[in-house]
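Dear colleague,

Please find below the structure that I am handing over to you. My notes on it follow directly after.

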Amino acid sequence: MKPIRIALSKGRVASAAKEKLLRQGYEFPSQNDRLLLTMDESQSIELLLLKAQDVPTYVEKGVADLGIVGSDVLREQKSDVFELTELDFGHCLMCLCGAKELELKDFDFLRLASKYPLTAKRYLEDKQLSGEITYLSGSVELAPLLGVSDFIIDIVESGKTLAAHDLVVHETLFKISSVLIANKIRYKLHYEQISPLLVALTT
Amino acid sequence: MRPRSTISQRGFFRLKLMLTKKGVVMKTALGYNHKLIYHIFKNLEFIVINKGYEPLYLPSWSSTAEEPSSQTASLLSPSGKLIHFYSDPTPLVRQIALRRKIDTPQSAQKYFYHYFFPRADNSLSEGFEQGITAGFEYFNDPSAEADAEIIKSCLELVTRLELGRVHLEIGHAGFTEGFITELRLPSEAEAKLRLLFEQKNQSAIENFAQKYELSKHQIQAIKELQNCFGPLDIVLQKTKNLSCNTAMKSALEELNDLTKHLGHVNETIHLDLGFSNSQCYYTGPVFRIYSHVNHQAIFTGGRYDSFEKDASTNLAACGANLLFPNILEVIMMNYVNSKNQNVKIGSRITLVEDAKSNAQLTRLKSDLECLGLSYTSLSASIPNSLKDIQLLLEKNPALRWLVYCEGEDTLQVIDKAYNQSYKTTAKDLVSLLMASNFESAIH
C-alpha cells in the first residue's frame, strides 16, 4: 500500500501538524531540518514541506493526497480541492492596517498594498471604494511608511511587527486558521487509509 | 431580440481587438492549440453522429439574457445595446429542443454542439477570457438507457482520445433533494448545504448546524451522507443507516437501474450520494469523469428533466459537457510523457515565479502554452539555494526542468537530465526545449 502523502506549509503549521501526528503514535526519524520529504517509521505517511502558496497546487495535481494550509491561501487561490475541515492551529487574523492617525473615511481613492491582491480587490468591492492595489511579496509593513500605499492588508498574529512600524489594525476582515485539504479523487479512492489521519489531525 | 449567430474565431479576435482599444482585458485562455481542439471535435462528432445526434449551431450572445451570472460577460454594443454572452449552453440547447418538440412531440431529439464564447474573468485582471465548450444532449427520453448512453459515449470518447485511466463518479440530484426536504430548511440554506455535501467540508457543516439550529440526529445524518461514497455495494450498505423517504428510495432505484444499463464499462463505477452537481437544474442521475493523469474532471453531466422556472413545459433531458481545458491538459501531458518514455525521468517543466509582473516568466508561459507544452507553476522562494533546488528535483521524479527568474532579463534553468545549470532568456529557453525532446510536440 502506497503511503499517504501530506503537503504541509513550512514553518509553524508544519511543526504543529507534525506534533499532532507524533502524539497519535506516528514516528519520524530525526534528520536534517532542510529535508523537504519525510517518511514516518511505519511508512504509512510521507510529509512534504512546501511554501504555503504551493500546497493547494500539489494537492490539486494529485502529487499529495492531503494538504494543510492557511485559509488565507485558499481564499486567494482558485483550487479544485476538498476543504475537509478547519484545524485547531495556525490561528490569526486578516486585517486592514495603517498609521494610527489615518481615518478610512477620509479617502476617496484608497491605495492598498498586500500579499493578497484578490482579498484586497474583494475588500474594495465590498466597501464600494475605488482604489489601486499594489502586489508585494513580503515586508508589506514598509509600504505605508515609504508612501507605496495608504493602508496594507495583511495577516496579523501578535501585532508586534505592526507596532514596531507604528502601524495599527483599522479593521479585521476575517479569521484565519489552518485547513485540511484533499485531492478530490484520491480522497475518495483512499478513504480507508485517509480517515484515521483525519481523526489524528482533528483530535 | 433574438440571438443572431455564434461567435467565430475571427469574430472572437475582432472582439478582442475592439476591447483592447477600449482598454478592456481579454485573455485568450490556455493559448489554445486549435489543431488539438479540432481533433477533439472530430472524435466527438464521430461517436455521436453514429448514434443519431444532429449538430446544433448555438448563438453565443443575446441582448435579452435573463439574470446574468457572475460568469456572464456583458458588453455595450456600438449601437448602445447591452449584450450578454452565454456561459452555460445547456439552458440554450433546452430552449431549442422545446421549440422543436412542438412539431415532433413523440420523437427523441439528440444534438451535439461546440462553440467559443467570452466569459467574465473574475481574477485580479478582470475583463474577459475566452471559453470553449462542447457537449451532447438527449431529449424526450426519460429512461435509464438514455442516461447510460450519455455516460457510455463519454467513456468512448475517453478511449478514442486515449486519455488514459479515468474515475467515473455518479450521484443523484433527487437523492440529495429528498434528503434536504426532510431537513425542512429555509430555501437559502438548501443551496449552501448542497455545496457543503459536495465539498465534504466537515467544519462548515458544524457552523451550518449551529446557524440553522439542527438537531444532533440531523447533524449525524448530514455527516453520514457526506461520506456516502464508494463502490455501489458499499454505498448501498451505508444508506441503510439513513432513513430514506420516497424520493431518496426512488433515486436509489434509479441509480441501481442505471448501473445495470451501464453494464460492463472499463472503469469501476463509484457512487457519491452527496454529489449533486453545482448546477441546480439537475433532477436525476448526475455524473463526473475524472482523469487520473491530471486529477481533474474532464466530463460532467446528468439529467435535467425540468428547470424550476418552466416546470410546466416538461421535457425529459440529459446530457454531457466536455471540460475542455482539462481534456487538453490530459492530452498534452500524455503526449509529452509518451514522447519521453525513453527518458527515465519525466519532462515536466516547473516554473518558480517570484513576482506577478515578471516579463520573462510571463513570456515563457505564453510561449509554452502556445506550443502546447505543459508546466507546473510554483510561487517564489522554494529555491533558497542550489542545493534546495537539486533536492526538489531529486525528490520529484515528475519534474525535469526547473526555471526561475535570475534577474530582470535572465532565467536560471536547471536541467535534471544533464545535471546542468545555466542562465538564459525566455526566447532561448523555448528554442532549446523545442530542439531537444520537444520538437515534435508542436505538430
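**Sheets of chain A**

In β8(A), Tyr135(A) is the bridge partner of Ser114(A). Helices (H or I, at least four residues) and strands (E, at least two) are DSSP runs, numbered from the N terminus. This is a predicted model, in which local features need pLDDT of at least 70, side-chain atom pairs count only at pLDDT 80 or more, and totals for chains, interfaces and linings use all residues. Residues are numbered from 1 along each chain as its sequence is written, chains are lettered from A and ligands numbered from 1 in the order in which they are written, and side-chain values use heavy atoms, with hydrogens and water left out.

Strand β7 (residues 109-114) of chain A pairs with β8(A) in the parallel sense over 6 bridges; two strands pair if DSSP finds at least two bridges between them. Both belong to an open sheet of 5 strands with mixed pairing and the order β8-β7-β9-β6-β10 (chain A). Its edge strands, each pairing on one side only, are β8 (130-135) and β10 (167-176) of chain A. On average, neighbouring strands of this sheet are turned by 25° against each other, direction ignored. Axes are lines fitted to C-alpha atoms, for helices over the stretch in contact, and angles run from 0 to 180 degrees between N-to-C directions. Helix α4 (residues 117-127) of chain A lies across β6 (92-99), β7, β8, β9 (151-156) and β10 of chain A, and runs at about 155° to β7(A).

A further open sheet, of 6 strands, has the order β2-β3-β1-β4-β11-β5 (chain A), again with mixed pairing. Here the edge strands are β2 (37-39) and β5 (82-86) of chain A. Strand β1 (residues 4-9) of chain A and strand β3 (residues 45-50) of chain A pair in the parallel sense over 6 bridges, and Ile6(A) stands opposite Leu47(A) in β3(A). Helix α8 (residues 191-202) of chain A packs on this sheet, touching β1, β3, β4 (66-70), β5 and β11 (178-182) of chain A. Contact means heavy atoms within 4.5 Å. The direction of α8 makes about 35° with that of β1(A).

**Helices and strands of chain B**

The axes of helix α5 (residues 173-183) of chain B and helix α6 (residues 187-199) of chain B come within 11 Å and cross at roughly 130°. The two helices are therefore oblique to each other; angles under 35 degrees count as roughly parallel, over 145 as roughly antiparallel, 65 to 115 as roughly perpendicular and the rest as oblique. The contact is made by Thr176(B), Glu177(B), Phe179(B), Ile180(B) and Leu183(B) of α5(B), together with Glu190(B), Leu193(B), Arg194(B) and Phe197(B) of α6(B).

Ala209(B) has its place in helix α7 (residues 202-211) of chain B. At 5% relative accessibility, Ala209(B) counts as buried, where buried means under 20% relative accessible area, exposed over 50% and partly exposed in between (1.4 Å probe, protein chains only). Not counting residues up to four places away in sequence, Ala209(B) touches Leu214(B) and Ile219(B).

Strand β17 (residues 411-415) of chain B is mostly covered, with 5 of its 5 residues buried. Leu411(B), Val413(B) and Asp415(B) lie on one side, and Gln412(B) and Ile414(B) on the other. β17(B) pairs with strand β18 (residues 420-424) of chain B in the antiparallel sense over 5 bridges, and the bridge partner of Ile414(B) in β18(B) is Ser421(B).

With kind regards
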